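We will go from stop to stop, selecting one piece at a time.

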Amino acid sequence: MIITAELAQHIVDNIMPLVQQNINIMDSAGVIVGSGQKSRLNTYHQGAMEVIRSGQVVEIFPEDMERYPGALPGLNWPIVLGSQVVGVVGVSGHPDKVRNTTKLVKMVTELILERENLVEEFRANLQLREQFMQHVLSDRYQDNSIAKTAKLLRFNLNLPRLVAVVSVGLIIRDACNQYGVHDLVALRTRETLAQLLEHSSLLDSQDLFVFFEDELVILKQFPAAAGEAEFYQWGSAILSLLGGPQQQGLRMGLGSFTGSPAELHESYKEAIFSQNNKIAGTAVASIYDFDILVDYLIKEPGAIHSCLALKKLKDLILAQLDRKYDMRNTVNALLDNNLNVSSAAKALFVHRNTLVFRLEKLKELTGLCPSQSLNHAMLCRILFSY
């Protein structure tokens with residue numbers, strides 16, 4: 001870690017009033033970068049250089065000053081982070097009188113620098129995560145560059161995931177109303193929310209989240225066999241964690257469950273649409289909600305061909321119902337006959353009860369009930385027209 005002049009002087013200015021002694025902080029080149037004696041800033045300290053070379057304490061007594069040009073009597077101790085000497089802290093005065101003071105100043109200085117180092121690492125990791133999230137959610141997905149970043153983050157791209165989006169603007173505005181409108185308040189609020197998420201059992205090492213301004217975006221992995229009920233349960237728990245029991249009016253949007261990283265862009269689009277959709281009255285709005293799904297397919301260009309939730313629903317029906325119950329022709333006949341079950345049965349040359357039985361199987365498997373819901377009927381028309 002490089003000790004900057006700004007940080008060094010900040011440490012000196014905060015510790016000196018407590019110890020009532022002059023303090024110098026020298027960088028790894030032996031140059032004074034922080035001092036209570038401003039005239040000594042940016043000057044070379046011979047004693048500090050010896051500390052850096054040897055890793056040992058250098059004591060300068062009054063009779064030793066000729067050996068240390070530019071120095072004053074005092075103690076100079078190495079600043080150690082990990083196993084590396086990154087600088088030197090010195091306290092002016094007779095060594096026998098400032099020994100305990102120097103130990104204390106060294107300890108406090110190292111604690112401050114360790115914290116600053118952690119903050120820098122966190123910021124670098126956060127920036128890497130933000131860049132990765134932007135790339136992986138982009139419609140210009142590039143396997144090679146994304147795979148490299150994922151490796152740095154120790155993030156397995158190939159796990160099944162969905163995208164969740166939460167607008168945290170309400171929480172940030174509440175904080176600003178309480179503490180004043182300021183960028184620092186917004187930043188601290190996001191950091192508080194991030195800490196809640198990082199220490200929660202609701203996310204693990206293979207989940208990833210970032211804040212894009214007031215938008216919290218989460219890549220959440222689930223077991224391959226997970227279903228909508230688990231998604232809703234997890235989403236509700238996240239909202240309770242972020243907003244408390246009342247959830248502060250928070251709303252989450254959930255996109256489709258994906259099987260490959262290239263599909264996350266579509267899941268992100270669906271999550272944003274679901275979060276902004278006013279149809280569903282629940283706090284967790286999902287693309288798997290048929291009302292939201294139909295609205296998405298109608299309003300979003302190309303969604304009929306790219307929506308993963310639609311594809312999953314269609315594959316499920318064709319795999320389990322179509323061959324046995326002739327479901328495609330059954331549903332199309334119902335729609336062609338204005339949802340009249342009797343007329344549809346005649347068109348199919350089957351008994352009315354046979355048609356009712358087939359529709360019950362459709363409802364049992366998928367929840368779709370085209371004879372009783374206009375949105376369900378529209379979704380069925382889309383499902384069996386492409």
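Helices (H or I, at least four residues) and strands (E, at least two) are DSSP runs, numbered from the N terminus.

Before moving on, know your model. It is predicted: local features need pLDDT of at least 70, side-chain atom pairs count only at pLDDT 80 or more, and totals for chains, interfaces and linings use all residues. Residues are numbered from 1 along each chain as its sequence is written, and side-chain values use heavy atoms, with hydrogens and water left out.

**Stop 1: helix α14**

Select residues 352–366. This is α14, with 15 residues. From first C-alpha to last it reaches 21 Å, close to the 21 Å expected at 1.5 Å a residue. The expected span is 1.5 Å times one less than the number of residues.

Now colour Leu355, Arg358, Leu359, Leu362 and Thr366, the buried residues of α14. They cover an arc of only 95° around the axis, so they sit on the same side of α14. The arc is that of the directions from the helix axis to the C-beta atoms. Turn to the other side of α14: Asn353 and Glu364 are exposed there. Step just past the helix to Gly367, which takes a positive phi of about 90°.

**Stop 2: helix α1**

Go to residues 5–19. Helix α1 has its buried residues at Leu7, Ala8, Gln9, Ile11, Val12, Ile15 and Val19. Their cover includes β1 (23–26), β2 (32–35) and α3 (95–136). Just after α1, Gln20 has a positive phi of about 60°.

**Stop 3: the open sheet**

Show the strands next. Five of them form an open sheet in the order β2-β1-β5-β4-β3, with antiparallel pairing. Two strands pair if DSSP finds at least two bridges between them. At the edges are β2 and β3 (58–60), each pairing on one side only. The twist averages 25° from one strand to the next. Helix α1 packs on this sheet, touching β1 and β2, and its direction makes about 35° with that of β2. Contact means heavy atoms within 4.5 Å. Axes are lines fitted to C-alpha atoms, for helices over the stretch in contact, and angles run from 0 to 180 degrees between N-to-C directions.

Zoom in on β4 (residues 74–81) and β5 (residues 84–92), joined by eight antiparallel bridges. Find Gly74: its bridge partner in β5 is Ser92.

**Stop 4: strand β8**

Select residues 215–221. Is β8 largely enclosed or open? Six of its seven residues are buried, so β8 is largely enclosed by the rest of the structure.

Which strands run beside β8? Strand β6 (residues 161–167) is antiparallel to β8, with seven bridges. Look for Arg161 opposite Gln221. Strand β7 (residues 208–212) also pairs with β8 in the antiparallel sense, over five bridges. Here Phe212 stands opposite Glu215. β7 and β8 form a hairpin with two residues between them, and Glu213 in the turn has a positive phi of about 60°.

**Stop 5: Ser267**

Finish in helix α8 (residues 264–276), where Ser267 is found. Ser267 counts as buried because its relative accessibility is 0%. Leaving out residues up to four places away in sequence, Ser267 touches Leu162, Val163, Gly255, Ser256 and Thr258.

Note on methods. Buried means under 20% relative accessible area, exposed over 50%, partly exposed in between (1.4 Å probe, protein chains only).
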